[in-house]
Amino acid sequence: MAREFQRGHKAKVSDLTSGTDLYVGVQIAGPGLTFDISCFGLDADEQLSDDRYFIFFNQPKSPEESIQLLGAQAGDTESFRVTLDRIPANIHKLSFTATLDGAGQMSQVGPGYIRIVAGGEEVVKYAFTGSEFTTERAVMLGDFYLKDVWRFAAVGQGFDGGLDALLKNFGGEVAEEAPAAPSQDAPPAFAPPSQASAPPAFGAPAAPQAPQPAPAFGAPSAPAPAPQQPPVHAAPTIAAPMAPQAPAPYGQPPQQPQFGQIPGQGAPPAAPPYGQQPPAAPPYGQQPPVPFGQQPPGLPHGVPQGVPAAGAGLQAALQPYKEAATGQRWTSQNQQLMRVDLTMGGMPVLARQGSMVMYQGKVEIGYKGAGFAGRMVGNATGQEMQLMRCTGRGQVFLAEEGAHLHPIELQGDGICVSAENVLAFDESLQYEVRRIEGHGIPGGALFTMQFQGTGTVVVKTHGVPVVLPVTPTTFADCNAVVAWSSASQVIISSQVRLRRNAYPGHSGETVNLQFRGAPGNFVVVQPYEV
């Protein structure tokens with residue numbers, strides 16, 4: 001029986017089917033709408049670094065035929081054949097998209113779906129409708145992506161612009177149409193050689209030629225040579241460039257130029273009144289001050305001063321800061337700002353109170369209480385989190401005091417993070433306070449939050465952290481460590497010695513944490529001590 005996916009749901013392909021030769025069908029339609037359905041083969045940076053893996057109507061298969069466009073069949077608008085075990089190592093993601101060809105919007109589409117069929121049996125189906133979109137002209141339907149193993153994600157994310165804009169978003173180049181060549185230079189179609197250039201048959205009259213127009217009366221038989229320029233030294237010498245002189249006011253005689261003044265140029269500026277200093281010249285590169293009520297030179301009439309010029313310059317300045325919509329539930333806008341799309345996955349998000357900086361859409365933000373027992377445990381362990389609950393359909397932007405934000409996706413595994421370093425997480429994750437016992441720690445124990453399940457937790461750090469693999473010789477300062485894999489074994493390592501205490505002063509590194517575990521475990525440390 002096929003599994004019904006919602007937007008944002010993900011699963012390992014091996015959990016859906018044991019096969020690797022898969023059929024992908026897409027059904028999308030709307031009144032008067034035409035669609036281009038494509039597949040983008042992307043690299044590890046989610047870029048189309050190899051154009052041969054852009055599969056569409058003009059390129060129906062990849063070089064090794066691991067991705068093939070099959071056409072409309074079995075009730076699907078378009079279909080593909082994907083052989084996962086034949087995809088080359090440089091391809092890490094297959095993104096299936098649908099774009100409008102012509103006028104229209106994605107809000108006009110009827111019920112549609114993307115499905116996966118293995119061995120003749122439908123194993124996954126993600127259904128969508130036009131009510132989930134607005135003015136978008138493209139939609140990213142679903143992805144196969146490589147994360148240790150191949151996985152499938154139902155995306156359902158609208159995208160502004162058509163196929164060209166989507167191609168540029170993935171780093172591809174849109175080929176510009178070349179101007180039409182003259183008809184005589186067009187390559188001939190497949191046909192027998194033309195006989196027009198063959199010599200006439202013996203005795204046949206020559207083909208008449210079009211008569212040439214007679215030359216006009218008196219026209220020269222050849223173009224006249226260009227007139228010779230006079231020698232440079234024969235040209236008259238000009239002492240100064242002559243500028244047109246402004247006419248004198250009506251009824252007044254024309255003004256004669258003053259001594260040393262070139263005719264046609266304005267009179268020198270008048271000397272300031274006695275006892276006043278002449279106005280200072282403006283600094284290099286700046287415009288001179290404009291008297292109050294006058295328009296500065298070069299500015300169109302009616303434009304207020306201080307208004308920046310609009311157009312390409314303004315758009316180019318704002319382009320690096322535009323919202324990044326990648327079709328994922330969690331998207332980093334920059335190092336300090338995180339965007340979560342609540343419409344994907346259909347589950348609420350728990351975030352630290354006051355961390356919302358902006359939201360768009362129909363979003364409700366309410367208080368999330370921890371209960372009496374939770375408050376008691378939080379106060380006793382120092383791992384209390386003041387949370388808010390974000391629900392609805394829209395996008396929420398989160399940040400806190402310019403800290404660096406890092407989304408960590410959990411797929412059934414776990415991670416330990418101090419409550420102070422947690423910004424937000426999916427409500428589907430389970431979390432509890434974990435105790436680490438040891439000597440030398442104030443209170444006799446160290447507490448942390450442990451997150452487990454399927455979802456994303458956003459960790460915040462002071463500065464750019466470093467991730468180290470866990471080995472028997474991995475130590476970290478308990479005031480600088482941010483997170484570690486929950487499967488790691490943590491042992492307290494105290495640097496305090498009785499002999500050292502007999503002398504004044506110490507290194508300041510009194511309590512460290514030693515991490516042990518199997519390969520694959522990790523510890524995250526920030527360049528800052530709490």
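The model is predicted.

Start with the sheet. Six strands build an open sheet. Their order is S1-S10-S9-S3-S7-S6. The pairing is mixed. Strand S1, residues 3–5, is one edge, and strand S6, residues 67–69, is the other. Each of these edge strands pairs on one side only. Neighbouring strands of the sheet are turned against each other by 20 degrees on average, direction ignored.

S6 pairs with strand S7, which covers residues 78–83. The sense is antiparallel, and the pairing runs over three bridges. Here Gln68 stands opposite Arg81 in S7.

Is Gln450 buried or exposed? Gln450 counts as buried because its relative accessibility is 11%, and buried means under 20%. What does Gln450 touch, leaving aside residues up to four places away in sequence? Its contacts are Ile415, Cys416, Gln430, Tyr431, Glu432, Arg434 and Ser486.

The largest pocket holds about 810 Å³ of space. Its lining has 26 residues. Closest to the centre of this pocket are Gln157, Gly158, Asp160, Ala325 and Arg339. Four strands each supply at least two lining residues: S12 (149–159), S14 (337–341), S16 (356–368) and S17 (387–398). S12 gives the largest share, four residues. By class, the lining of the largest pocket has four nonpolar, 13 polar and nine charged residues.

The second largest pocket holds about 690 Å³ of space. S18 gives the most to the lining of the second largest pocket, with five residues. This lining divides into eight nonpolar, twelve polar and eight charged residues.

Methods. Residues are numbered from 1 along each chain as its sequence is written. This is a predicted model: local features need pLDDT of at least 70, side-chain atom pairs count only at pLDDT 80 or more; totals for chains, interfaces and linings use all residues. Side-chain values use heavy atoms; hydrogens and water are left out. Two strands pair if DSSP finds at least two bridges between them. Axes are lines fitted to C-alpha atoms, for helices over the stretch in contact, and angles run from 0 to 180 degrees between N-to-C directions. Buried means under 20% relative accessible area, exposed over 50%, partly exposed in between (1.4 Å probe, protein chains only). Contact means heavy atoms within 4.5 Å. On a 1 Å grid over the protein atoms alone, a cavity is a set of points where a 1.4 Å probe fits but cannot get out, and a pocket is an open set with protein on both sides within 12 Å along at least five of seven lines; lining residues have an atom within 4 Å of a point. Grid points are joined across faces, edges and corners, and a volume is the space filled by probe spheres set on the points. Ala, Val, Leu, Ile, Met, Phe, Trp, Tyr, Cys and Pro count as nonpolar, Asp, Glu, Lys and Arg as charged, and the others, Gly among them, as polar.
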